[in-house]
Amino acid sequence: QYQVMGEKSTRKALVYCLEPMPATYKALKKAAVRSGYEEKGLRVRQCAVNNYDAGYAYFRNATTQAGAEKEGLGSCSKESAECEPVKTTRLDLLLEEEGL
């Protein structure tokens, strides 16, 4: 339920948080669960959105500090042990996967 301009609605809303960085994703997911917002409709997904068919992009793994986006996409390659693949998808495919 949400409230707009003093009126309470009984409609339920879904909010999606799409985060590719592994450490930042884990911190966001943990916060969503701990705060109770996940059960209220906050969906935290680890993925990167692009305009191509699904694939992978490489981001620094969970040993990188959460929020260190400057250490992300440009600093990784498939060959690096410090990097891990993260699913990439188009927004329309993601919505289809979610049944929306």
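1. A nonpolar core, as used in this note, is a set of buried Ala, Val, Leu, Ile, Met, Phe, Trp, Tyr and Cys residues joined through side-chain atoms within 4.5 Å; buried means under 20% relative accessible area, exposed over 50%, and partly exposed in between (1.4 Å probe, protein chains only). Here the largest such core has five residues in all: Met 21, Ala 48, Ala 57, Phe 59 and Val 86. In soluble globular proteins, nonpolar side chains tend to be buried together.

2. A word on the basis, before going further. This is a predicted model, in which local features need pLDDT of at least 70 and side-chain atom pairs count only at pLDDT 80 or more, while totals for chains, interfaces and linings use all residues. Residues are numbered from 1 along each chain as its sequence is written, and side-chain values use heavy atoms, with hydrogens and water left out.

3. Now the overall layout. The chain holds two helices and seven strands, counted as DSSP runs numbered from the N terminus (helices H or I, at least four residues; strands E, at least two). Their order along the sequence is β-β-β-α-β-β-β-β-α. Of the 100 residues, 27% are buried. The exposed surface comes to about 7100 Å², with carbon and sulfur atoms supplying 52% of it; these areas come from the Shrake-Rupley method with a 1.4 Å probe.

4. Contacts (heavy atoms within 4.5 Å) reach well along the sequence: among those between residues at least 6 apart, 67% join residues at least 24 apart. Setting aside neighbours within four places in sequence, Ala 48 is in contact with Pro 20, Phe 59, Val 86, Lys 87, Thr 88 and Thr 89.

5. S6 and S7 (residues 83–89) run antiparallel and are joined by six bridges. Tyr 58 stands opposite Pro 85 in S7.

6. Asp 53 sits in the loop between strand S5 (48–49) and strand S6 (55–60). Is Asp 53 buried or exposed? Its relative accessible area is 55%, so Asp 53 is exposed. Even so, Asp 53 touches Thr 88 and Arg 90, not counting residues up to four places away in sequence. Asp 53 and Leu 93, 40 residues apart in sequence, are 8.4 Å apart in space, C-alpha to C-alpha.

Methods:
Two strands pair if DSSP finds at least two bridges between them.
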